Amino acid sequence: MSDLRRQHPLLILLDTGRGLISNLSFALIIAISLPDDMFGGFIGNAIVALLAMFGLSALFNVLRWYFFLYRYEEGMVHIRQGVLFKRERTIKRDRVQSMNTNANVLQQAFGLVTLQIKTAGVSVDAEVNLRAVSKKEAESIKEHLYAKEARSETEPVEVPKASRFLQGRDIWLAALTSGRFMVLFSVVAVVYAQVYEYIPQSYLDQAVESLSTIPLMVGIGIALGLFLLTWALSAIVFVIQFANFSVRRFEDRLEISWGVLKKNHVTVKLHRLQAVMVYQGVLRQPFGLCTMMVEVAGGGSKEQERVSLLHPLIRRKEVEGFLRDILPEYHLPSCSVVLPKRALRRYLFRSTVPVALLTGAIMIAFYFWGVPYSWVPLLLLAPALLLGLSRHRNGSISVEGDQLSLRFRNVSLVQVLIKRSHIQSLSLIANPFQRLAGLRTAQASFLSSPAGKSYSLKDLEAEDAQAVRDWYSRN
Amino acid sequence: MLENLRERLRMDNEPKESIDPRARKVWMIGGAIGSAIVLMIVVGFFFLVTIGYGAPDWVGWTAIALGVAYVPWGVFLSPWLRMRFWRYELRENEMEIQHGIFVIKRHLIPMVRVQYVDTEHGPLMRYFGLTTLSISTAATKFAIPALPKQRAEELRGEIATLARVSEEDV
């Protein structure tokens, strides 16, 4: 039980700061459009415009903070907000789908967190977003919404059934294979090129002189140095992002948390969990590393709110054991049906023809402009061909017990595990060519707010597709 | 040989019931209206581009040829194919729907997943006494166009009753 409260006043600062950055360009436009002699030239104008905007937005945020009141009591959160247009909202415990907290550096300094309470509502803003409440307060709100009956103080604290943490040894591999690596590498190279000019010429001469006997080695050495530097940076980024990762399984929910600078804590209620996904990026596949995600119904409208991280980095062969510990409801299929040989032709066609058309167009254009090496775009065909081959080889489907497992590759290799009771509808699709070849596309749709989502596997053997359909059929 | 080809172009185990044959008339009328609009656009294009901007004649003629070629497709072929493949079947625990022109899609919707059923009809459909029945799950929505009004209402009632039977968790 509690009376109406306000959030921490730091919210004003947070909002004003955020607003200021996004409105900076707006202030500059105002400054430019003001007559020059108004506040003493452009600089003066800019300062005045900025101050005015700062004042206005601070005032507005103070008002917004002042009029935002919340109250929580057993099984309910009540919110009253709005400066001119008042809005009240009450959310009941039964409707709460998930509760997350996260905190950026500034919030952490003040011991505050952002608490998001999500409901199954289709409307985008049907949720509570408390952006500056103390950690204790957030815990207490969560507690009030969770407890089915008021829990007495003497009752023991709930013990997780199982928990897993990130293993340190894989962080270096993860850093090397993260998608950011190449971006970071180019950044480092550019920075190096900038700094290079400022190294005193004499020092440089001396260095080159002493090393010039092996000029090739210098080049390789510099490249290697940049590479190692990038690797270290990438590892640091990865550690900052995912350090302290832990996932704990309770009877009815998963508690997942990670991050140092931005601490994330996600609670996934098990009955809202719709699908488990195992991703293997192209770079991570050779090292046997995967990322695991879960699809949760009733999240927000943004992708990252519907799909929650389950494990940032796990070895492929440990996935089985991880699922057994944390999510015994799901399992990796022990055997699955692969695509028929005659589907390969169609996979190759799909992956190469668009690329072939594109390269054809580029080559013709190059030929007309007289660009040398006009055959170079042809090299693109090789990866396209490989991609088609790999897509065909990795496509598989399996139904075991009440679980459908799909494996397919777009670029990353993805394995999706869905329970029969979470599939909203199942479709078999076939174009005329597929029908002539006796092939089908199988597509399973499931709930993922605000709209549905579906995964499909192309060019299955018609009988296998029919078997999946029969498995799903309740007649 | 031809019979064999037709057999292979069909998806086996088709659902039993076809939709009302008057649907084809509705689609043909719709196709005729669409064709008229397309023809108007290509003729307009012809005058604007070849005469107005002085582009070579063949550009305009190609557009007109494409527009004319669209007419038999829109008015005859596509309504016929649509009618040919539209099937549905209501069973005790599930609904099966098949539709498509080139790409045939067959959906299986368990009754326990059905969230709500609607019937609706546009002016053209209403003139022919036809109704569209749409079935929504939490993630997907399917529509059976052109059912006789009474049949649609029967179906809506049946589905609503069947959908209420079991309460599995979403």
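Q: In what order do the seven strands of the open sheet in chain A stand?
A: This is a predicted model, in which local features need pLDDT of at least 70, side-chain atom pairs count only at pLDDT 80 or more, and totals for chains, interfaces and linings use all residues. Strands here are DSSP runs of E, at least two residues long, and helices are runs of H or I of at least four, numbered from the N terminus, while two strands pair if DSSP finds at least two bridges between them. The pairing in this open sheet is antiparallel, and the order is β13-β12-β11-β17-β16-β15-β14.

Q: Which strands are the edge strands of that sheet?
A: An edge strand pairs on one side only. In chain A this holds for β13 (307–315) and β14 (337–338).

Q: Is Asn264(A) buried or exposed?
A: Asn264(A) lies in strand β10 (residues 263–269) of chain A, and its side chain reaches the backbone oxygen of Lys262(A) at 3.2 Å. Buried means under 20% relative accessible area, exposed over 50%, and partly exposed in between, with a 1.4 Å probe and protein chains only. Because its relative accessibility is 16%, Asn264(A) counts as buried.

Q: How much area do chain A and chain B bury between them?
A: Contact means heavy atoms within 4.5 Å, and 27 residues of chain A are in contact with 32 residues of chain B. Buried area is the accessible area (1.4 Å probe) that two parts lose on being put together, summed over both. For chain A and chain B, with 50% of it on carbon and sulfur atoms, the value is about 2,600 Å².

Q: Which residue of chain B forms a salt bridge with Arg440(A)?
A: A salt bridge is a side-chain nitrogen of Lys or Arg within 4 Å of a carboxyl oxygen of Asp or Glu, and the rule finds two across the interface of chain A and chain B. With its closest N and O atoms 3.4 Å apart, the partner of Arg440(A) is Asp12(B).

Q: Which strand of chain B is joined to β18(A) by five bridges?
A: Side-chain values use heavy atoms, with hydrogens and water left out. Ala430(A) stands opposite Ile104(B). The strand joined to β18(A), running antiparallel to it, is β4 (residues 104–110) of chain B.

Definitions and conventions. Residues numbered from 1 in each chain as written. Chains lettered and ligands numbered in written order. Polar contact = N/O pair within 3.5 Å; in protein donor to acceptor, adjacent residues only side chain to side chain.
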